[in-house]
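Visitor: Please put the model on screen, and then I will ask about its details.

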Amino acid sequence: ELHDKMQKEFINVAAHELRTPIQPILGLGEVLRSKNRLKAEEYEEYLDVIIRNARRLQQLADDILDVTKIESKSLKLKKEGFDLQELIIDIVNEYNEIIKKSNKNINLAYVPKIEKGSKSILVEADRGRVSQVVSNLLVNALKFTEEGSIIVTTAINVDNNKNAIIVSVRDSGAGINCEILPQLFAKFASKSFQGTGLGLFISKSIIEAHDGRIWAENNPGEKGATFTFTLPLSISH
């Protein structure tokens with residue numbers, strides 16, 4: 001009964017999230033189609049809004065498809081050996097470009113906490129899916145951080161008696177509401193959350209499929225929160 005209630009709430013939230021980007025796409029599409037003369041910068045601005053909202057729709061569709069795969073236990077991993085550090089640097093560079101275009105005053109940086117001389121972190125994992133998790137955590141941090149910093153760190157440590165890579169995304173944002181914290185990674189945690197909340201549920205499913213863990217906590221004594229995940233270190237350094 002509780003599951004049915006949560007599912008209905010989720011459908012309501014998802015329907016709202018789908019409608020939100022459709023309105024500017026249709027509205028500005030009509031403006032562009034009208035024969036009214038627009039300045040060149042207005043064309044650029046309207047097209048940017050349409051593309052941004054279309055991407056948001058695409059992301060939501062991808063998320064819903066991922067949830068369907070997770071529910072039907074058909075989420076398949078394509079594992080390969082790759083350098084996790086290189087992947088994180090690429091993603092951080094990409095999001096620094098996004099921050100530059102926004103009005104937010106945020107310092108996004110990658111700070112590896114690994115032994116000197118070790119320039120790569122080799123893992124055996126699904127590159128696309130790990131990239132999706134890091135991106136989800138950065139999107140989340142950016143959503144709740146107006147100014148300050150977002151710091152991504154990597155460390156090699158022991159987790160569940162196995163050598164693991166530990167990746168953290170620490171922000172100086174609003175922090176996590178204590179009521180939401182216990183069900184933050186649940187599929188229907190969206191009601192008290194900005195957006196559908198699917199990104200964190202999907203991230204948890206991806207990390208657990210890799211035999212890793214993911215969790216979140218508010219930063220003690222200061223603003224913001226830290227999201228952390230582990231991946232088994234399956235290739236020796």
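Visitor: Is Phe227 buried or exposed, and at what relative accessible area?

Guide: This is a predicted model, in which local features need pLDDT of at least 70, side-chain atom pairs count only at pLDDT 80 or more, and totals for chains, interfaces and linings use all residues. Residues are numbered from 1 along each chain as its sequence is written, and side-chain values use heavy atoms, with hydrogens and water left out. The classes are buried (under 20% relative accessible area), exposed (over 50%) and partly exposed in between, for a 1.4 Å probe and protein chains only. Phe227 is buried, and its relative accessible area is 4%.

Visitor: Which residue forms an aromatic pair with Phe227, and what is the angle between the planes?

Guide: Rings of Phe, Tyr and Trp (its six-membered ring) pair if their centres lie within 6.5 Å; planes under 30 degrees apart are stacked, over 60 edge-to-face, and the rest tilted. The structure holds one such pair. Its partner to Phe227 is Phe185, at 6.1 Å centre to centre, and the pair is edge-to-face with an angle of 70°.

Visitor: How many residues apart in sequence are the parts that this pair ties together?

Guide: Helices (H or I, at least four residues) and strands (E, at least two) are DSSP runs, numbered from the N terminus. Phe185 is buried as well, with a relative accessible area of 12%. Phe185 sits in the loop between strand E5 (162-171) and helix H5 (198-209) and Phe227 in strand E7 (residues 225-232), so the separation in sequence is 42 residues.

Visitor: How far apart are the end C-alpha atoms of helix H4 (residues 127-144)?

Guide: The expected span of a helix is 1.5 Å times one less than its number of residues. For the 18 residues of H4 that gives 26 Å, which agrees with the end C-alpha distance of 26 Å.

Visitor: At the start of H4, which residue has the backbone nitrogen that a side-chain oxygen of Asp126 reaches?

Guide: A polar contact is a pair of N or O atoms within 3.5 Å; within protein, one must be able to donate a hydrogen and the other to accept it, and residues adjacent in sequence count only if both atoms are side-chain atoms. The Asp126 oxygen comes to within 3.2 Å of the backbone nitrogen of Gly128.

Visitor: At roughly what angle do the axes of helix H3 (residues 84-101) and H4 cross?

Guide: Axes are lines fitted to C-alpha atoms, for helices over the stretch in contact, with angles from 0 to 180 degrees between N-to-C directions. Contact means heavy atoms within 4.5 Å, and the H3 residues that meet H4 include Leu87, Ile91 and Tyr95. The axes come within 10 Å, and the crossing angle is roughly 35°.

Visitor: How many of the 18 residues of H4 are buried?

Guide: Residues of H4 that meet H3 include Val130, Val134 and Leu138. H4 is mostly covered, and its buried residues number 13.

Visitor: Where is Lys73, a residue with positive phi?

Guide: Phi of Lys73 is near 55°, a positive value in a residue other than glycine. Lys73 counts as exposed, at 73% relative accessibility. Its place is the loop between helix H2 (40-71) and strand E1 (79-83).

Visitor: What is the relative accessibility of Asp211?

Guide: Asp211 lies in the loop between H5 and strand E6 (214-218). Phi of Asp211 is near 65°, a positive value in a residue other than glycine. Asp211 counts as exposed, with a relative accessibility of 62%.
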